[in-house]
Amino acid sequence: MRDMAAGPRVLLRRLRELMAEPLEPQERLDRIVREIAQNMVAEVCSLYVLRADAVLELYATEGLNPGSVHLAQLRLGQGLVGTIAASARALNLSDAQKHPAFAYLPETGEEIYNSFLGVPVLRAGRTLGVLVVQNRTKRHYRDDELEALETTAMVIAEMIATGDLARLTRPGLELDLRRPASFTGLSFNDGVGLGHVVLHEPRIVVTNLFNEDSDEETRRLEQALGSLRLSIDDMLSRRDVAFEGEHRAVLEAYRMFANDRGWVRRLEEAVRNGLTAEAAVEKVQSDMRARMLHMTDPYLRERMSDFDDLANRLLRQLMGHGPELLASTLPKDAIIVARSMGAAELLDYPRDRLRGLVLEDGAVTSHVVIVARAMGIPVAGQVKGAVSMSENGDAIIVDGDEGRIHLRPQPDVEGAYAEKVRFRARRQELYRELRKKPSSTKDGTHVDLLMNAGLAVDLPQLAESGAAGIGLFRTELQFMVAATFPRAETQERLYRDVLDAARDKPVTFRTIDIGGDKVLPYFKSVAHEENPALGWRAIRLTLDRPALLRTQVRALLKAAGGRELRLMLPMVTEIGEIMQAREIIDREVRHLSRFAHDLPTLLKLGAMVEVPSLLWQLDELMKTVDFVSVGSNDLFQFVMATDRGNTQISERFDPLSVPFLRVLKQIADAGHRVGTPVTLCGELAGRPISAMALIGIGYRSISMSPAAIGPVKAMLTELPLEELTTLMEEALAHPNAAKNVRGDLHAFAEQHNIPL
Ligand code: PEP
Ligand code: MG
């Protein structure tokens with residue numbers, strides 16, 4: 001085996017020398033193919049490069065007619081070369097002309113060659129070209145020769161990727177690597193971002209391809225594999241993952257792969273052939289990804305992600321670098337492209353350079369997406385293929401409204417989006433103007449427009465959006481982006497910062513609302529929940545773990561010393577829960593006053609209406625609390641039995657339908673009856689049309705994402721309230737509950753020139 005590997009090693013050494021020489025690109029390519037042919041005792045070695053128009057063009061050859069270079073071409077899928085490129089798989093044939101895909105190119109003079117070995121030139125699983133050797137005799141190439149050719153192809157991939165070959169491309173044509181590409185995923189956060197790709201995972205950074213000493217490199221590889229296995233075992237033995245399902249299953253899969261003989265053998269072979277350990281990881285990974293890309297089985301594709309993660313971990317072990325490299329090299333208009341990432345990792349990037357985020361995975365409710373939304377950057381998610389099609393520094397547009405990305409966009413696409421960005425900027429200017437105007441309807445009724453927040457990054461938006469205060473501060477976000485439970489002092493510091501930033505504007509802190517889809521990686525419920533949305537979450541959880549609530553309440557009381565504190569309880573189902581929580585709060589107040597702490601001047605306690613059971617105890621509820629806030633996201637999911645995170649049914653039922661609007665009106669009416677202020681703080685409040693409906697059924701306070709305040713205020717100031725109230729009363733009293741209220745509202749807006 002060692003002897004056989006000497007060939008590829010010598011070849012790689014020669015290639016390294018050629019790469020270092022100051023040669024023109026064509027000359028370098030010509031010498032490379034000559035070198036390969038000699039080394040492999042082949043009469044022909046040719047390189048075809050994939051162009052943006054899906055044509056493979058002959059870029060260099062040893063053995064075929066030299067006049068056919070840059071002239072001979074095959075379409076993707078055509079002939080043997082096209083088949084290799086299309087399938088991303090090698091072909092090893094002793095009698096090539098018998099192969100059904102064989103296509104004869106007369107200009108090359110290749111008819112006299114019988115045996116054929118071709119491999120795809122791959123980079124991150126993407127085909128950039130095809131490298132071929134041919135012989136007259138009918139021979140079957142050995143596995144180690146195939147391996148050597150694949151390794152060489154990797155070096156060529158690097159040349160293509162670094163732009164070396166672009167200079168050889170004829171005017172008007174482009175290499176596939178530079179081809180504009182658009183992908184559609186899902187919209188995770190609105191907005192448009194123009195900028196340059198920053199790949200979150202450091203896979204491309206492998207620039208050191210050739211090893212000096214295979215034995216030493218094999219030792220490095222083994223050492224890294226050893227630490228990788230240990231770290232996986234270590235993670236598996238930790239208490240918090242020892243019992244629970246999915247996370248454990250993923251780690252088990254990692255362990256299996258890390259010990260996978262086939263994988264390890266391929267890595268070792270690549271190192272023996274002369275690659276560095278990290279280049280070997282990249283090569284094997286790229287081959288695997290290319291093969292798996294063509295699989296449709298979602299299970300296998302998912303396993304590929306596991307392998308990807310593992311390869312990345314291994315690369316990090318070998319190269320030992322983390323995100324510190326970022327700051328200096330980060331472009332000013334960075335668009336982060338990642339398969340998936342943690343919320344804390346996003347916060348590591350400087351906010352003023354971020355223009356967008358693209359994720360291959362993720363969900364609207366992923367922590368990283370929540371944070372991105374808080375930071376106000378456009379996000380497209382579930383954009384499959386984004387990572388492998390991007391190179392660091394590529395121009396990219398993220399269209400967060402449509403959930404689409406445009407890589408290396410054509411000038412007209414870029415122009416259209418630049419116009420869109422300018423249009424948005426003008427609109428933002430308009431909204432800024434509106435900030436100075438009173439927040440009231442055309443006929444002078446005041447409506448409080450508040451904003452939702454949850455992290456320190458949200459705070460500047462309070463002044464920028466012109467919000468009247470923070471109607472919902474989701475305290476759990478601080479817990480969700482942390483690696484462990486935030487300490488009492490850390491919590492207190494955040495709450496104090498929030499109150500300082502808000503000055504005299506009111507802030508409503510919601511006690512920690514975890515459980516359901518909001519999971520803390522370091523805090524797991526022991527029991528598996530069949531229906532987490534209906535399970536151990538929010539106030540149910542904190543009443544069972546009073547220490548959690550006590551710590552938080554104490555931090556809030558201390559932070560609000562000398563000012564007003566508004567506290568709100570999530571997911572209340574029975575009035576009794578409010579009583580219990582109040583007891584805990586009172587005890588903390590007594591405790592702090594015993595130690596002569598500065599207490600809040602006023603403490604107001606509110607409850608969220610999210611569980612339908614409260615609809616039948618509304619008057620009692622209104623009498624028990626100081627204020628109420630409708631969590632329309634959860635309330636809608638429970639009233640309509642419609643999972644809020646399920647995209648398949650998300651469009652099925654309309655919150656602006658008669659039944660749900662009747663529910664919302666009942667709550668507003670009960671508030672007016674008893675004299676308890678009512679707010680609504682779900683997503684409904686943030687869309688101008690639904691905000692209009694809410695105002696029409698009696699809401700005088702709504703809380704939304706900061707970006708929504710401008711558009712909602714633009715609607716509000718044009719709103720003739722009396723007429724709208726009549727319209728809504730008639731709609732809700734209508735005998736046909738299937739009435740199209742949304743349609744009526746649109747017509748109303750059009751009639752009165754209300755911007756929606
Ligand atoms: C809601 O349910 O409407 C709400 C505001 O709370 P969250 O979205 O945080 O569950
Ligand atoms: Mg909720």
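Colleague: How many bridges join β15 to strand β16 (residues 470–474)?
Modeller: Three bridges join them, and the two strands run parallel. Two strands count as paired if DSSP finds at least two bridges between them. Strands (E, at least two residues) and helices (H or I, at least four) are DSSP runs, numbered from the N terminus.

Colleague: What should I know about the model before going on?
Modeller: It is a predicted model, in which local features need pLDDT of at least 70 and side-chain atom pairs count only at pLDDT 80 or more, while totals for chains, interfaces and linings use all residues. Residues are numbered from 1 along each chain as its sequence is written, chains are lettered from A and ligands numbered from 1 in the order in which they are written, and side-chain values use heavy atoms, with hydrogens and water left out.

Colleague: Back to β16. Which residue in it does N452 stand opposite?
Modeller: N452 faces L472 there.

Colleague: And which helix makes a β-α-β unit with β15 and β16?
Modeller: Helix α16 (residues 460–465), and the unit is right-handed. Right-handed means that, with the strands pointing away from the viewer, the path from the first strand over the helix to the second runs clockwise.

Colleague: In which sense do β15 and strand β22 pair?
Modeller: In the parallel sense, over four bridges, with β22 covering residues 701–704. D448 stands opposite S701 in that strand.

Colleague: How many of the six residues of β15 are buried?
Modeller: Five, in a strand that spans residues 448–453. Buried means under 20% relative accessible area, exposed over 50%, and partly exposed in between (1.4 Å probe, protein chains only).

Colleague: Where is T441 found?
Modeller: T441 sits in the loop between α15 (411–434) and β15. T441 has a relative accessible area of 4%, so it is buried. Leaving out residues up to four places away in sequence, T441 touches V447, L716, T717, L719 and L721; contact means heavy atoms within 4.5 Å.

Colleague: New topic, α27. Which of its residues are buried?
Modeller: L721, L724, M728, A731 and L732. Looking down the axis of α27, these buried residues fall within an arc of 90°, so they line one face of the helix. The arc is taken from the directions from the helix axis to the C-beta atoms. On the other side of α27, E722, E730 and A733 are exposed.

Colleague: What do the buried residues of α27 pack against?
Modeller: They pack against α24 (658–674), α25 (688–696) and α28 (741–751).

Colleague: Then which residues are buried in α28?
Modeller: V741, L745, F748 and A749. Within α28 the buried residues lie in an arc of 100° as seen down the axis, so they line one face of the helix. What covers them includes α24, α25 and α27. E750 and Q751 are exposed on the other side of α28.

Colleague: What about N633, buried or exposed?
Modeller: N633 counts as buried because its relative accessibility is 17%. N633 belongs to helix α23 (residues 632–639). Its side chain reaches the backbone nitrogen of E683 at 2.8 Å.

Colleague: Last one: R261, buried or exposed?
Modeller: R261 is exposed, with a relative accessible area of 72%. R261 lies in helix α8 (residues 261–272). The C-alpha atoms of R261 and H591 are separated by 61 Å, with the two residues 330 apart along the chain.

How values were computed: A polar contact is a pair of N or O atoms within 3.5 Å; within protein, one must be able to donate a hydrogen and the other to accept it, and residues adjacent in sequence count only if both atoms are side-chain atoms.
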